[in-house]
Amino acid sequence: MGSLAIARLSVVETLRRKEFYVVLVLVLGLAGWMLMLNLGSSGAGRFAKDIVMQAIWLASFALAVPLAARQISSDVEQKTVYVLMSRPIHRWHYVVGRALGASAASIVCFASMFAVLVIMLLAKGAGSIADMGLWQAFILQIAALVMLCSLAVCISVVATPGGAVTFSLILLLVTRYGSASILSRIEHMPAVARETAWAVYIALPHFEFFNISQRVVHGWGALPADMFLQSLVYGFVCSVFFTTLAAVIFRKRWL
Amino acid sequence: MAICAAVTALLLSTILVPKLRSATPQADDILVQALGGTAGLAADQAYREADVYFHGGNAVRRRPGDRPAHDLPLAKWIARMQGEAAPRTHRHLGGVEEKEILPWFAVAVRLNPHHIEAWSTGSYWYFRTGNRERALRFASDGIKSNPGNYRLYLDRGIVFYHLRKWDDSVRDLESARRLWKNLNEDSPYDLRAIEGYLSYAKSHRPSVTAR
């Protein structure tokens, strides 16, 4: 039993729970509403695309964070971890498996909701699904979800599930939506404070690199290929770092 | 004692609830109920979003003197990654695309029916994008929610003026003049607009033209 088998277990467990299906039904309802609703503009394609995209992006984060944060802690609480550890696997296999499982389950949830967006766009006829930017946004969101799951798993090794959820969400929201504003504030700081704040700032996980939804909504086209690849590499490096850190901490943890 | 309390509660709710509902027309709105006290902030954000849409998604307004701190390590790279991810170039929507901003005005006034700027700007944009009936209805709905504000009478009066409905235009512009107050820096200009449109509308009235 290796990391992949544990990851598979996580995906199956997630799909057995009802949260995802409830969110999927809500997203379907929202997309249907946006299709039918006439807010006074015959060509409100951007508005519908924007609202549904933001809802799906946020819902995927909202599902991913608790899912990843409770992977290890619920195993410890329910003593499942002892059953898993009794198999010939290393502890790091277990941590990597749980992080991969949380990521895979989040990707499955996100992909299902994204399918709703694609169907809505096809029905609305407003946004072309041939837009390269839309598919880049899809891939970048997957990268963001993998990074977020690794981060939540890493925090959950040292904190309670509630703490891990809260801290991961704060980091996500602050960097994704407030990063540019923080950067602007750092630029106006006095010398020493500026360099200290900068060191903290670059150490933060930069989720805003993966958010190209406004480019897609307003038809600015796809990201330049080099920027797209750099974002993916950044996400991969951060995910590996957080998972490795979680594995190292968990290896020394007393169960 | 309990029966007395129940009867008093029933009577009070029968008297107070309709009054409360008429004072806050948005109280029954599911969106407003969901957002609670933050509905006003959400309305402001929706109004700002219309501006962002008009500028093609560009939400960045750098202050004069702002310069990216490129001397710091990795600063250039981070600024480029952030800059490319979101629209940063200045452009305006044009033609049919202008209609894309309209839903945000509808959202803003639904969240806060006393958002005069949203009613006023929304009415202007409906008119500008060719939806004259909707512009009139939007301004009329705004007046219903804010009967004491001169600005919406002025807007509807201007729409009537362009529709060549002189009597309606004069009636609204006169209401605007009667209700005018020096509320902000735009108010003196609004007064001049009221006077100007009013004199033109009066001069175009059939009774005046016949004479």
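The secondary structure of chain A amounts to 10 helices and zero strands, where helices (H or I, at least four residues) and strands (E, at least two) are DSSP runs numbered from the N terminus. The radius of gyration of chain A, taken over C-alpha atoms, is 20 Å, close to the 18 Å that the globule rule gives for 255 residues, so chain A is as compact as a globular protein of that length; the rule is 2.2 Å times the number of residues to the power 0.38. This is a predicted model, in which local features need pLDDT of at least 70 and side-chain atom pairs count only at pLDDT 80 or more, while totals for chains, interfaces and linings use all residues. Residues are numbered from 1 along each chain as its sequence is written, and chains are lettered from A and ligands numbered from 1 in the order in which they are written.

Along its principal axes, the C-alpha trace of chain A spans about 60 × 55 × 30 Å. Among contacts in chain A between residues at least 6 apart in sequence, 86% join residues at least 24 apart, a contact being two residues whose C-beta atoms, placed from the backbone, lie within 7 Å.

Turning to the partner chain, the contact takes 29 residues from chain A and 22 residues from chain B. On the side of chain A that touches chain B, at least two residues each are supplied by α3 (45-77), α7 (161-187), α8 (191-203), α9 (213-217) and α10 (225-251) of chain A, and the largest share, five residues, comes from α7(A).
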